[in-house]
Amino acid sequence: MKLNQIDARGLSCPQPVLLAKKGVEKNPEGIQVLVDNTTARDNVSRFANNSGYKVEVINQGGDFLLTLQK
Amino acid sequence: MKEKKGIIIAGAVVGLLAVILVKFGNPANMGMCIACFIRDIAGALGLQRAEVVQYIRPEIIGIVMGAFLTAFGMKEFSSKGGSSPLVRFMLGFIVMVGALMFLGCPLRMVLRMAGGDLNALVGLAGFAAGIGIGIFFLNKGFTLKKTYSLVKFEGYIFPAAMIGLLILLLAKPAFIFFSEKAPGAAHAPILLSLIAGLIVGALAQRTRLCMVGGIRDLILFKDWYLISGFLAIFAAALIGNLVMGKFTLGFANQPVAHGDGLWNFLGMMLAGWGSVLLGGCPLRQLILSAEGNIDSVITVIGMTAGAAFAHNFSLAASGKGPAPNGKIAVIIGFAVLLLVSYFNIEKQTEVKMKGDVELEA
C-alpha cells in the first residue's frame, strides 16, 4: 500500500508534528513524514505513539523517513 | 513515564542548580534567568548603561558551550538558517521587552513561583494566554518557512563568541562594565556559574527542555513530555528553597519583582505569544543557537538588542513597578505580533501530499 507523504524538512517544531496531525486526520490508515532533524523525528514519533500509531524510522543520510501506521 | 524520566531528572537538576546558585551569590529567585542574564551581558558590553545590571553571566556561556559540546558529540550539530531572519530578530526583541516588563524569562517565572512569589502565578496565567493566542495562529497555518543548510563555519561563530565573552569576563578590560550594586553585582563564583551552565546546557540539549513548548504541546497535542521538565524544575526548586529557608509566600516585597498584576500578566502574555511563534522559549533559543541554528542566533541577538533598548529607553520594569515607556512598548509589541502572526499565515493551509513513497533524495 502506498502512503501519502508529507515533506516537513526544514520546518521547526511544532510544525512537523502539526502537519503529521493534520495528515493522519485526513489519512487515518497511515502516512509518511520526512524530517531533517532529530528533534522533529522524536516529536513526530512521540505524537504517533500517543495517537496509537506504530512508527518505523529510516535514516536517509541525515533525513529521517517516518512511516506511521495503525 | 519511561520516556519522561530523562526530562524529569534534567528539570530537577536545573531547579536544584538554580537554588544552589542563589545560595552562592546569584540574585534571589534568579539562579538562572536567560532574559535577565542576556540583559546583564548587554550591559557589561556597554550596550545599555543601567549601572545595576551589568555583568558577563558565566551561566549563559556555560549553557551554550554545554549544549554545543553535547550536540557535537551526539552528531546533532548542523549549521542551518534562513527561516525569516528579520522577523525572528523582531520576535526576540519583543519577547525580551515582555520578559523585562515581568522581570524574568519563562524559566525565572518558574523559579519565582518556586520561591513563593505569587506575582509569577499571574505571569504564568498571562504566559499561558499568550501561548494560546500563538497556538490559534499555528493552527491557522502560521509558519516562518523552511530553514536551509549552511556551511559549518557559520554554526561555529556563536559558540566561538562565547569563548570571547569568557576571555572578557576573566581579563576584565577597562571597556567592560561590571555592576557594583545588586542585582548586577550579585553573582556566584565564576567557576560554579560556568559549571552549572555547562550541566544545564548539556541536559537541555538532550531533553529539548522548553518552558513554552511544555504548555504548547499540552494544549496542542495533549503531550505531557516537555511540561514534565517544567514541573520538575518547579518541584526541585520549591524543595530546595524550603530546605534553604528561601521560600516566602506572597505578592509583596518579592525579590527583583513588582506587584502590578495587569502588567505582569501582559508582559508574560507578550513573551508567551512571541515565543510560540519562534518555536521555543529563550532557553531553547540558546540551546538551538549552540546546535548551529542561525535562526536562533538571530533571535538571541534580537533579545540582546531588545534588552539594550529596554534599558536605554527606560522600558524595563523595576522592583518599584512597570515603567510608563515600558507599557507603551508592550502595547506596540502586541500590535507587531498581531501583524507578524497574520502575515505569516500560509494561504494554502491544506497539507501538501505526495501520492507515492518515492523520494527525491
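Start by selecting residues 119–140 of chain B: this is helix α6, 22 residues that reach 32 Å from first C-alpha to last, close to the 32 Å expected at 1.5 Å a residue. Keep in mind as you go that the model is predicted.

Next, show the side chains of the buried residues of α6(B). You will find Asn119(B), Ala120(B), Phe127(B), Ile131(B), Ile135(B), Phe137(B) and Leu138(B) among them, along with the glycines Gly123(B), Gly126(B), Gly130(B) and Gly134(B). As you look down the helix, recall that an α-helix has 3.6 residues a turn, so residues three or four places apart point the same way.

Then step just past the end of α6(B) to Gly141(B), which takes a positive phi of about 110 degrees.

Select the contact residues, 33 from chain A and 33 from chain B. The two chains bury about 2700 Å² between them, with 49% of it on carbon and sulfur atoms.

Finally, view the chain A side alone. At least two residues each come from β1 (4–7), α1, β2 (30–35) and α2 (38–50), and α1(A) gives the largest share, 8 residues. Coloring this side by class shows 12 nonpolar, 13 polar and 8 charged residues.

Technical notes: Residues are numbered from 1 along each chain as its sequence is written. Chains are lettered from A and ligands numbered from 1 in the order in which they are written. This is a predicted model: local features need pLDDT of at least 70, side-chain atom pairs count only at pLDDT 80 or more; totals for chains, interfaces and linings use all residues. Side-chain values use heavy atoms; hydrogens and water are left out. Helices (H or I, at least four residues) and strands (E, at least two) are DSSP runs, numbered from the N terminus. The expected span of a helix is 1.5 Å times one less than its number of residues. Buried means under 20% relative accessible area, exposed over 50%, partly exposed in between (1.4 Å probe, protein chains only). Contact means heavy atoms within 4.5 Å. Buried area is the accessible area (1.4 Å probe) that two parts lose on being put together, summed over both. Ala, Val, Leu, Ile, Met, Phe, Trp, Tyr, Cys and Pro count as nonpolar, Asp, Glu, Lys and Arg as charged, and the others, Gly among them, as polar.
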